[in-house]
Amino acid sequence: MSNDSVDPAGTVPRPKRWALVVIACVGAALVVMPFAFTMFSKTPQGAVMIAQFKPFMTTARLYGFQTDLREINAGVRQSDTSVASYLGGGTVDQRAFASAYPTFVSFNAQWPAIDRKMTSLMDQVQGNLGNYLAVAALPSFKLFPYFFVLPGLLILGFAVVALRRPRGWRSGRWVLVALGVGLIAAPGIFQMFQRAPKGGQMMTAFKTIETDQNVQQIQGYFGTMAEGQGAIRLELVPGLHHAGLDAAQIASRFPAVASLDAHWVHILNDMTPMIGAMSDNVARYQAIASLPPFPLFPWFFVLPGVIVAGLAFAAGSDRKALALKPTRGVQTEAVPHYQGAT
Amino acid sequence: MISRSRTAALLALASLSLIAAGVVPSPAGASGGKAKALVGTFKLDAGSCQGSSVTGTYFRMIFPHGTVANGKFFDNPDSLCSDKTYTLAIPGTQGGLVTGNYQPDPSPAFTAQGGAAANDIVQPQGFTAINFSIATNKKDPQTGTAVPPPSITVKNGKLTGQTEAWSAAWNKLYFNQGSPKPGGSHPGLTTPLTGTYDASSRAFVITWTSQVVGGPFNGFTGDWHLSGTFVPAK
């Protein structure tokens, strides 16, 4: 016979009071936690950030950015060597070239650092594609506070009711066990143990990317690249025309330059919105980064779940049980009855 | 009786306040220090460069942390000026900026390559290989905020007003470039519209700056200089 069933003496079980108090505290902590971490304002920002990065976080799109950078690099290198040589009549007179094409020469001097930085940034982003996809596969960030508040309210409610009306404990106990098991199971169901650490890695990787300073540096690079490409498009290529080459000959002799020229608008179409998304999400990233570390989140469910389920299961009945006193015919009312008291 | 007189006095006072604030044109127009709303078309002079001298209608873009006086300015390789920081404007099909009404983006607002198609106020101009242009829409396309049509008032030859709806389009993106910004704020280097107006020739010069809020040019500031001749609405 279980210790929570009605015994032949006409008593119902009474839960261990201290266990219910602990369960109630855990429930209250779950309710309070999202407010303490200001999750209601921060997690929706995370949801927006994940959504705004979505168009860019595909293998094809990220590979496209790398291709864009390689295309610019090839065009710049070819301009600095073959084109400069052709315009110099077969030799590269750096001084004359710099004098005739100062904008390009200035850009060319800055390009290696820009290329390094942008390529490294894209490598970093591409390296975190899997982490991003893992985070994006989690339930919407907007819901996260409710994942704590709703079970917390239920746990708190059932614990308080059980404290005030112990005769309902038999069913309330199993509801609390079920809520605890639900909290334990939720991270497993949502694969949070795999995904949350990946989210943590992504947040760490983006720490140096999603800053005002970094975004402004990239905006500056964008201006320099636009100016440099303009110098190729509007000065070097016309210079080649002036030297007697038509468009087909330029494409044949200087394919990297022709390709950059032809694809520049596409490159702008590609890169500009990404810079916009980076810029727009600096504050959102910082809001999410100020939450507790992602890898801890599954434990925020599991640990309360273990405590609630464990205590609810173990709470059973106290040595103090409740005697059933007949009232108004068939109804009964529980009153304390000291079973084991001598 | 007393109550009616008091109401009439209050109404008169309110009317005077509105006239003084430039909300309602005064019967006397711009003369005598009264503000007058200029409703019509601010026909733009095309931008022009002669050496380092730039006249007419043009625009510059200032990098974040820059200043209007000293830049750093964004170089537009497509600029027709030797100083590539100036992007010149050519008047659009309606000749310039209309006050009291909107001059919205067409549909579609962009070409397949991302060039802006609006051409009422100014003709689309190349900006780093992609055309940009200007429109004024009832709902600002960048922020989604409802904005009033541009309004400009003259008082003693000085122009004031608002261009909240002034929206630049480029590369399939929108950048609000009005002053104040939608909602009425003046972030960063955003300055109120100011200018001069010659009542006899109707020649005007209008300037303002507007910081870009959000998007790839977040923190940049557009420096706008419009000049031309005002043509009142019939």
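Biologist: How many helices and strands does chain B have?
Modeller: In this predicted model, chain B comprises 234 residues, of which 48% count as buried. Among its contacts with a separation of 6 or more, 61% are between residues 24 or more positions apart. The count of elements in chain B is 1 helix and 17 strands.

Biologist: Is Ser179(B) buried or exposed?
Modeller: Ser179(B) is found in the loop between strand S14 (173–176) and strand S15 (191–197) of chain B. Beyond four places in sequence, Ser179(B) touches residues including Gly161(B), Gln162(B), His186(B), Leu193(B) and Trp208(B). Its relative accessibility is 0%, and the cut-off for burial is under 20%. Ser179(B) therefore counts as buried.

Biologist: Is Thr194(B) buried, partly exposed or exposed?
Modeller: Thr194(B) lies in strand S15 of chain B. Leaving aside neighbours within four places in sequence, Thr194(B) is in contact with Leu159(B), Val205(B), Ile206(B) and Thr207(B). Buried means under 20% relative accessible area and exposed means over 50%. Because its relative accessible area is 41%, Thr194(B) is partly exposed.

Biologist: What is the relative accessible area of Ser167(B)?
Modeller: Ser167(B) belongs to strand S13 (residues 166–170) of chain B. Not counting residues up to four places away in sequence, its contacts include Ser133(B), Ile134(B), Asp140(B), Tyr174(B) and Phe175(B). Ser167(B) is buried, and its relative accessible area is 0%.

Biologist: How many helices and strands does chain A have?
Modeller: Chain A has 342 residues, and buried residues make up 47% of them. Residues 24 or more positions apart account for 84% of its contacts with a separation of 6 or more. Chain A is built with 14 helices and 3 strands.

Biologist: Which helices are included in what covers the buried residues of H5(A)?
Modeller: The buried residues of H5(A) include Phe104(A), Phe107(A), Trp111(A), Asp115(A) and Met122(A). Their cover includes helices H3 (59–87), H4 (94–100), H6 (129–136), H10 (212–242) and H12 (255–280) of chain A.

Biologist: How are H2(A) and H13(A) oriented to each other?
Modeller: The axes of helix H2 (residues 39–53) and helix H13 (residues 282–289) of chain A come within 8 Å, and H2(A) passes H13(A) in a left-handed crossing. Residues of H2(A), among them Lys42(A), Gln45(A) and Met49(A), meet residues of H13(A), including Arg284(A), Tyr285(A) and Ile288(A). The axes cross at roughly 130°. H2(A) and H13(A) are therefore oblique.

Biologist: Which helices do the buried residues of H14(A) pack against?
Modeller: Helix H14 (residues 297–315) of chain A has 19 residues and reaches 27 Å from its first C-alpha to its last. Phe297(A), Phe300(A), Pro304(A), Val308(A) and Leu311(A) are among its buried residues. The buried residues of H14(A) pack against helices H1 (17–36), H2, H7 (144–164), H8 (169–189) and H9 (192–206) of chain A.

Biologist: How is H7(A) oriented to H14(A)?
Modeller: Phe144(A), Phe147(A), Phe148(A) and Ile155(A) in H7(A) meet Phe297(A), Phe300(A), Phe301(A) and Val308(A) in H14(A). The axes of the two helices come within 11 Å and cross at roughly 10°. That angle makes H7(A) and H14(A) roughly parallel.

Biologist: Which residue just after H14(A) takes a positive phi?
Modeller: H14(A) spans residues 297–315. Just after this helix, a positive phi of about 40° is taken by Gly316(A).

Note on methods
Residues are numbered from 1 along each chain as its sequence is written. Chains are lettered from A and ligands numbered from 1 in the order in which they are written. This is a predicted model: local features need pLDDT of at least 70, side-chain atom pairs count only at pLDDT 80 or more; totals for chains, interfaces and linings use all residues. Side-chain values use heavy atoms; hydrogens and water are left out. Buried means under 20% relative accessible area, exposed over 50%, partly exposed in between (1.4 Å probe, protein chains only). Helices (H or I, at least four residues) and strands (E, at least two) are DSSP runs, numbered from the N terminus. Contact means heavy atoms within 4.5 Å. Axes are lines fitted to C-alpha atoms, for helices over the stretch in contact, and angles run from 0 to 180 degrees between N-to-C directions. Angles under 35 degrees count as roughly parallel, over 145 as roughly antiparallel, 65 to 115 as roughly perpendicular and the rest as oblique. A crossing is left-handed if the near helix is turned anticlockwise from the far one by less than a right angle, and right-handed if clockwise. The expected span of a helix is 1.5 Å times one less than its number of residues.
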